[in-house]
Amino acid sequence: MAALSGLASALESYRGRDRLIRTLGYSCQLVGGVLVEQGPARSEVGTRLLTLSSQLSHCRTVLRLFDDVAMFIYTKQYGLGAEGEDIFVRCVSVLGNLADQLYYPCEHIAWAADAKILRVDSARWWTLSTAFWGLSLLLGIARSLWMVLKLRQRLRNPTVAFTSRLPRSKRKAMEARVQLEVLTLLSNLADLANAVHWLPPGVLWAGRLPPWLVGLLGTISSLLSVYQAVWAGDRAEATAP
């Protein structure tokens with residue numbers, strides 16, 4: 001009952017529904033891709049699962065039509081970052097926000113072109129949106145790597161650990177943040193592999209990944225995202241007064 005209550009609570013939010021749809025979509029692509037490769041006996045079920053995966057992806061694309069304003073508000077609030085924040089983190093975060101902001105209109109135009117609403121070449125706009133997504137992922141990977149290195153350096157620094165006597169609660173918080181950044185790093189790496197796959201042929205491994213591998217990478221990224229959301233929720237409850 002508690003699990004169902006938690007699921008219902010998650011589905012009440014837009015982000016919660018998006019995580020579920022994303023996880024289901026990539027899981028269907030993973031299973032469908034495996035079944036299709038196993039032979040004609042299971043190819044029909046596999047094809048149906050791949051079709052379902054495609055429709056779930058389309059659903060997420062339509063829902064993202066309304067994300068621009070929220071992204072703009074977040075970008076505006078972040079600005080150039082807090083003055084006390086690491087300069088490298090501020091730079092990659094600002095560039096990442098810009099890439100995310102440009103991603104949405106490009107995807108909207110591509111969707112509108114596919115829907116015959118606009119008379120433009122959708123392939124060009126899909127490529128542009130994927131490129132901005134890939135850029136955002138690269139910047140996120142750079143940020144996470146930098147944060148992990150800096151946090152581990154502080155944890156292993158004898159001066160910090162012993163001379164300043166870092167409080168245990170703060171040390172645990174830093175260790176938890178390292179774990180969170182590692183999960184973000186792994187999630188972004190999995191997504192980046194798929195982003196490159198969807199670029200035009202000739203770019204690294206673009207177009208070479210089989211459907212089941214795309215589904216596997218997406219499922220890994222989605223599950224990591226779900227885990228991070230659950231972890232953050234549990235931590236918020238634990239620290240609530």
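## Overall make-up

Of the 241 residues in the protein chain, 35% are buried. The model is a predicted one. Its chain exposes about 14900 Å², and carbon and sulfur atoms supply 65% of that area.

The protein chain holds nine helices and zero strands. Among contacts in the protein chain with a separation of 6 or more, 63% join residues 24 or more positions apart.

## Helix H5 against helix H6

Two packed helices are described by the angle between their axes and the distance between the axes. Helix H5 covers residues 87–114, and helix H6 covers residues 122–156. The two pack at an angle of about 160°, and their axes are 8 Å apart. An angle over 145 degrees counts as roughly antiparallel, so H5 is roughly antiparallel to H6. The crossing of H5 and H6 is left-handed.

Which classes of residue form the contact of H5 with H6? The contact has 22 nonpolar residues, together with five polar and four charged ones.

## Helix H6 against helix H8

Helix H6 also packs with helix H8, which spans residues 168–197. Here the axes come within 8 Å and cross at roughly 155°. Because this angle is also over the cut-off of 145 degrees, H6 is roughly antiparallel to H8. H6 passes H8 in a left-handed crossing.

The contact of H6 with H8 contains 16 nonpolar residues, six polar residues and nine charged residues.

## Asn 97 in helix H5

Asn 97 lies in H5, the helix that packs with H6 at an angle of about 160°. Is Asn 97 buried or exposed? Its relative accessibility is 7%. A residue is buried when this value is under 20%, so Asn 97 counts as buried.

Which residues does Asn 97 touch, leaving out those up to four places away in sequence? Asn 97 touches Met 71, Tyr 74, Thr 75 and Tyr 78.

Notes: Residues numbered from 1 in each chain as written. Predicted model: local features only at pLDDT ≥ 70, side-chain atom pairs only at ≥ 80, totals over all residues. Heavy atoms only, no water. Helix = DSSP H or I, 4+ residues; strand = E, 2+ residues; numbered from the N terminus. Buried < 20%, exposed > 50% of the residue type's maximum accessible area, 1.4 Å probe, protein only. Contact = heavy atoms within 4.5 Å. Areas by Shrake-Rupley, 256 points an atom, 1.4 Å probe, with all protein chains shown as cover. Axes fitted to C-alpha atoms, helices over the stretch in contact; angles between N-to-C directions. Parallel < 35°, antiparallel > 145°, perpendicular 65-115°, else oblique. Left-handed = near helix turned anticlockwise from the far one by under 90°. Nonpolar A, V, L, I, M, F, W, Y, C, P; charged D, E, K, R; others polar.
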